[in-house]
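Reader: I am new to this structure and would like to learn how to read its pockets and helix contacts. Can we go through them in turn?

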Amino acid sequence: MSELDLNSLKLTDVIDVRSLQRIQDAFSKATGMAGLSTDKDGAVTKGSGFTRFCMDLTRGSKVGAERCNKCDLMGGDEAARTGHPSVYTCHGGLCDFAVPIIVNGQHIGSMIGGQVLPEPPDEEKFRKIAREINVDEEEYINAVRQVKVVPRSKIEAAAELLYVVANSLSEAGYQKLLMAKHEEDIEKVTDALSQETGRIEIVSKEVMKTMETLKRKFEVFNEESSESISAVQQSDDIIKYIQDISLQIKLLGFNASIEAKRMGAQGAGFNAIAQEMRRLSDESSIQAENIEEKIKVIRDTTISTSNKFSDTNQIMHQSVNSVKELDKVISDIDSLLMSMKSMR
């Protein structure tokens with residue numbers, strides 16, 4: 001599965017702001033505690049259940065605001081370090097908490113809150129704090145009297161509950177992001193594969209076209225080769241005819257020689273012609289044999305070539321069928337890719 005860049009991951013990437021706000025508001029109403037969601041850039045939600053004591057008076061003071069920021073950083077750092085909720089007493093004497101939101105070991109945000117008293121307030125202590133941060137003592141005491149008192153054990157339990165809920169949602173959101181990234185990667189691969197199959201299809205069609213042309217040419221060559229074999233075979237009859245004529249000439253010469261001897265001196269000229277006929281017959285026979293040997297070589301070569309053409313034609317036919325089958329496979333893959341896209 002594809003990985004996300006956790007360093008650039010934000011809290012709102014895995015939990016939308018509206019969901020965070022609803023959880024935070026419901027938590028505040030159920031427990032009477034304040035709540036706020038933050039990430040590394042600051043607050044991402046509106047505060048829920050914030051007390052006048054904290055927001056208007058303590059944080060309204062420059063000194064108080066500086067102390068509050070230090071407390072928030074301390075609580076947040078502790079939660080990020082341990083990976084668990086951090087419950088602590090702030091400089092203003094209230095009990096606060098910081099709940100880390102962690103995705104795949106990476107701290108991406110926190111839910112902070114509290115602003116409650118673990119026990120009834122020690123008013124003298126709060127008067128001292130008021131003087132330190134330059135806030136009216138009576139107003140400060142009236143405000144702290146309105147702060148809800150919640151036992152520390154319940155504060156810790158509430159923080160743990162918020163931790164479970166927030167991190168369950170963040171994990172679900174992270175898995176959803178991973179699936180979306182996975183789908184995006186699959187779509188990219190599918191698109192790339194679709195493009196490649198398209199290119200292969202074009203090339204295979206060109207190859208098939210070329211092979212079809214070659215197949216037709218080999219069929220013509222094979223046909224012409226068959227005609228050549230037939231013509232060579234017919235030449236055997238011509239050679240046999242020449243040999244028969246040569247034999248007849250030789251017999252005629254032999255008979256003419258016999259007759260010339262019987263005629264004596266009167267047949268001397270006739271005998272010379274007979275001898276010449278016999279010589280021509282011998283030469284014709286020799287030439288016929290030479291021609292026969294050469295034609296035999298041509299015949300054997302032609303038959304061999306014809307057989308090779310026939311074998312090549314068969315291979316070409318098989319190759320054309322293979323390319324057609326490849327084209328069908330590519331078409332099936334393309335259909336499958338289109339089905340996968342439509343399913344998403």
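**Pockets and a helix pair**

Author: This is a predicted model. Start with the elements around the largest pocket: β1 (34-39), α4 (62-82) and β5 (106-116) each give at least two residues to its lining.

Reader: Which element supplies the largest share of that lining?

Author: That is α4, with 6 residues. In total 17 residues line the largest pocket, and Thr38, Asp39, Asp72, Leu73 and Gly76 lie nearest its centre. Its volume is about 400 Å³.

Reader: How does the lining of the largest pocket divide by class?

Author: It has 5 nonpolar, 7 polar and 5 charged residues.

Reader: What is the volume of the second largest pocket, and which residues are closest to its centre?

Author: The second largest pocket holds about 220 Å³ of space. Its lining has 19 residues, and those closest to the centre are Arg59, Asp72, Asp96, Ile112 and Gln115. Two or more lining residues come from each of α3 (52-58), α4, β4 (95-103) and β5. The most come from α3, with 4 residues. By class, this lining has 11 nonpolar, 5 polar and 3 charged residues.

Reader: At what angle do α5 and α6 pack?

Author: Helix α5 (residues 123-132) and helix α6 (residues 137-145) pack at about 130°, and their axes are 9 Å apart. That angle makes α5 oblique to α6, and the crossing is right-handed.

Reader: Which residues of α5 and α6 meet?

Author: Glu123, Phe126, Arg127, Ile129, Ala130 and Arg131 of α5 meet Glu137, Glu138, Tyr140, Ile141, Val144 and Arg145 of α6. These contact residues divide into 6 nonpolar, no polar and 6 charged.

Notes: Residues are numbered from 1 along each chain as its sequence is written. This is a predicted model: local features need pLDDT of at least 70, side-chain atom pairs count only at pLDDT 80 or more; totals for chains, interfaces and linings use all residues. Side-chain values use heavy atoms; hydrogens and water are left out. Axes are lines fitted to C-alpha atoms, for helices over the stretch in contact, and angles run from 0 to 180 degrees between N-to-C directions. Angles under 35 degrees count as roughly parallel, over 145 as roughly antiparallel, 65 to 115 as roughly perpendicular and the rest as oblique. A crossing is left-handed if the near helix is turned anticlockwise from the far one by less than a right angle, and right-handed if clockwise. Contact means heavy atoms within 4.5 Å. Ala, Val, Leu, Ile, Met, Phe, Trp, Tyr, Cys and Pro count as nonpolar, Asp, Glu, Lys and Arg as charged, and the others, Gly among them, as polar. On a 1 Å grid over the protein atoms alone, a cavity is a set of points where a 1.4 Å probe fits but cannot get out, and a pocket is an open set with protein on both sides within 12 Å along at least five of seven lines; lining residues have an atom within 4 Å of a point. Grid points are joined across faces, edges and corners, and a volume is the space filled by probe spheres set on the points.
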